[in-house]
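Let's take a walk through this model together, one neighbourhood at a time.

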Amino acid sequence: MFLSSNPILLLGLIITVSYLLLRFLHKTSILYTLKKRWRLIEDRSHVYQFYKVPQFNELMQENQLYRRVFAYLNSLSSIEDSDFANLFSGNKSNEINLFIDPNQIVVDTFLSARVYWSCERDSRSRALVLKIRRSDKRKILRPYLQHVHAMFDEIEQRRKEVKLYINAGDEPERNGRWRSIPFTHPSTIETVAMDSDLKNKIKSDLESFLKSKQYYHRLGRVWKRSYLLYGPSGTGKSSFVAGIAKFLCYDVYDIDLSKVINDSDLKMLLLQTTNKSMIVIEDLDRYLAEKSTAVSLSGILNFMDGIISCCGEERVMVFTMNGKDRIDPTVLRPGRIDVHIHFPLCDFSAFKTLANSHLGLKEHKLFSQIEEVFQTGSSLSPAEIGEIMISNRTSPSRALKCVISALQTNGDGSRGMGRVGQQLGESTSGRFVEECGEPGSIFCREGVHTMKEFRKLYGLLRMRSGRKDSMDLDSVEKENSKQET
Ligand SMILES: Nc1ncnc2c1ncn2[C@@H]1O[C@H](COP(=O)(O)OP(=O)(O)OP(=O)(O)O)[C@@H](O)[C@H]1O
Ligand SMILES: [Mg+2]
């Protein structure tokens, strides 16, 4: 009575009760159960067709479609939401996979139609059964199965172990042939410090390349893309190459031009690469400038174009260089190089990324001072700054002081392309340690003491980056002794 005479109170009461009711439905499974019941009723009002995908044919040979559908279903997010699923450990130590169970129905949606998968098992074999509305059959059956095929290819691509192929030239009988090892480089696109907008642009360029098969075909172009990574030594080019390979899940063919005997040998190497692979030539500018390869410029150009004329598709080519200035412009023309990516020396923003990843520092009172030093034009490569941080990682403040000191030492802008390693050696040995440390302290000494040690370390750094000429620690040692005598 009182309520009916007070509409505001009545409205408030309705809102409160509705809110509590909704919260109750949301917190409990009642809404879910109601939805499920409703769906059952709705399903009963349709006529369905069933398609069975047996695991084996009558000769007990495996049905490849079964394998594909099984992998596809197990990758669906709806399997996680279903009432029941089997859990299995995967190939990697902490990997857990969900697998469809015979008592389970997996619902999938395609072109706004719902399809249902279940698993049948008898004493001899299993089968997956697709249930599809008769009214949807014409519209979606074929494209849906094509979609399953395409998704399976993508899953396989992501799952496979990425391999690094290197061209062996030292054994004559193996010349021109690739040798492979598992590609275990630890870098990813994420671990390379670079402008985040640029990084996102590169990732979306790679992603759109992966999805563009039809587009390239429509244009009558071979499905391939070439990237040039250029910048001073130690700025992350090789690390980024590894990151791209992992991002694409492509095998890497790393061509060592010094081991290629002539132009046609280079072409043969290209012919022996597979689809969905990345072909890498590092330090191309050095080979061209020093003529330290038996391959001619026209051989290189043909190689870059060769991918168009002779070799399948879905390839990515990556070239690295310290600088583009000395390069014949024909090498860089569009079509040969599609995307140019500059790797600069470390700026303040990249420094902060490195401080976060290497020292766990998001902010520090010394940051403002470091920013000022960067503003004076001082710069080191990310490799140099990263190394100082690693050497002093037990004391972030000490690491930052060392970075300031190193930046001030190198702030005259006199670094030469490709000689950064040597400059780091000079700055992190004697002079640098004195400036960075206090009397009697061991500041910065954990890492690099002498030119010899620095070179050894830099040899290791380059070895990690995968270049053959820097793998030979012995020759680094020999060179050191020559320098010291
Ligand atoms: N931008 C960066 N972000 C994070 N780490 C970096 C970056 N640049 C270099 N490094 C680190 O420095 C080391 C050397 O880097 P990398 O070999 O990728 O440089 P590079 O540009 O290929 O040098 P080079 O021209 O001498 O071959 C690696 O250990 C890498 O992790
Ligand atoms: Mg490199």
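**A walk through the model**

Let's begin with Arg 133, which lies in strand β6 (residues 126-133). Helices here are DSSP runs of H or I with at least four residues, strands are runs of E with at least two, and both are numbered from the N terminus. Before going on, some housekeeping: this is a predicted model, where local features need pLDDT of at least 70, side-chain atom pairs count only at pLDDT 80 or more, and totals for chains, interfaces and linings use all residues. Residues are numbered from 1 along each chain as its sequence is written, chains are lettered from A and ligands numbered from 1 in the order in which they are written, and side-chain values use heavy atoms, with hydrogens and water left out.

So, is Arg 133 buried or exposed? It is buried, with a relative accessible area of 14%; the cut-offs are under 20% for buried, over 50% for exposed and partly exposed in between, using a 1.4 Å probe and protein chains only. What does Arg 133 touch, once its neighbours within four places in sequence are left aside? Its contacts are Glu 42, Asp 43, His 46, Val 47 and Tyr 48, where contact means heavy atoms within 4.5 Å.

Now for the sheet. Seven strands make up an open sheet with mixed pairing, in the order β8-β7-β10-β11-β12-β9-β13. Two strands pair if DSSP finds at least two bridges between them. At the edges sit β8 (177-182) and β13 (339-342), each pairing on one side only. Direction ignored, neighbouring strands of this sheet are turned by 25° against each other on average.

Inside the sheet, have a look at β11 (residues 277-281) and β12 (residues 315-321), which pair in the parallel sense over five bridges. One residue pair to pick out is Ile 281 and its bridge partner in β12, Phe 319. Helix α8 (residues 237-248) lies across β9 (224-230), β10 (251-254), β11 and β12, and runs at about 170° to β12. Axes are lines fitted to C-alpha atoms, for helices over the stretch in contact, and angles run from 0 to 180 degrees between N-to-C directions.

Next stop, the helices. Two packed helices are described by the angle between their axes and the distance between the axes. For α13 (residues 348-359) and α15 (residues 382-391), the axes come within 10 Å and cross at roughly 35°. On the α13 side the contact is made by Phe 351, Leu 354, Ala 355, His 358 and Leu 359, and on the α15 side by Pro 382, Ile 385, Gly 386, Met 389 and Ile 390.

Ile 385 and Leu 354 are 31 residues apart in sequence, yet 8.0 Å apart in space, C-alpha to C-alpha. Beyond its neighbours within four places in sequence, Ile 385 is in contact with Cys 346, Phe 351, Leu 354, Phe 374, Leu 380, Val 403 and Leu 407.

Ile 385 also takes part in the meeting of α15 and α16: together with Ile 388, Met 389 and Ser 391, it meets Arg 398, Ala 399, Cys 402, Val 403, Ala 406 and Leu 407 in α16. Here the axes come within 8 Å and cross at roughly 145°.

What about helix α14 (residues 367-375)? Its buried residues are Phe 367, Ile 370, Val 373 and Phe 374. They cover an arc of only 115° around the axis, so they are on the same side of α14; the arc is that of the directions from the helix axis to the C-beta atoms. These buried residues pack against α13, α15 and α16 (396-409). On the other side of α14, Glu 372 and Gln 375 are exposed. Just after the helix, Gly 377 takes a positive phi of about 100°.

That leads to two further backbone spots. Most residues other than glycine have a negative phi. Ser 112, in the loop between β4 (105-110) and β5 (113-121), has a positive phi near 60°, and at 74% relative accessibility it counts as exposed. Lys 276, in the loop between α9 (263-271) and β11, has a positive phi near 50°. With a relative accessible area of 27%, Lys 276 is partly exposed.
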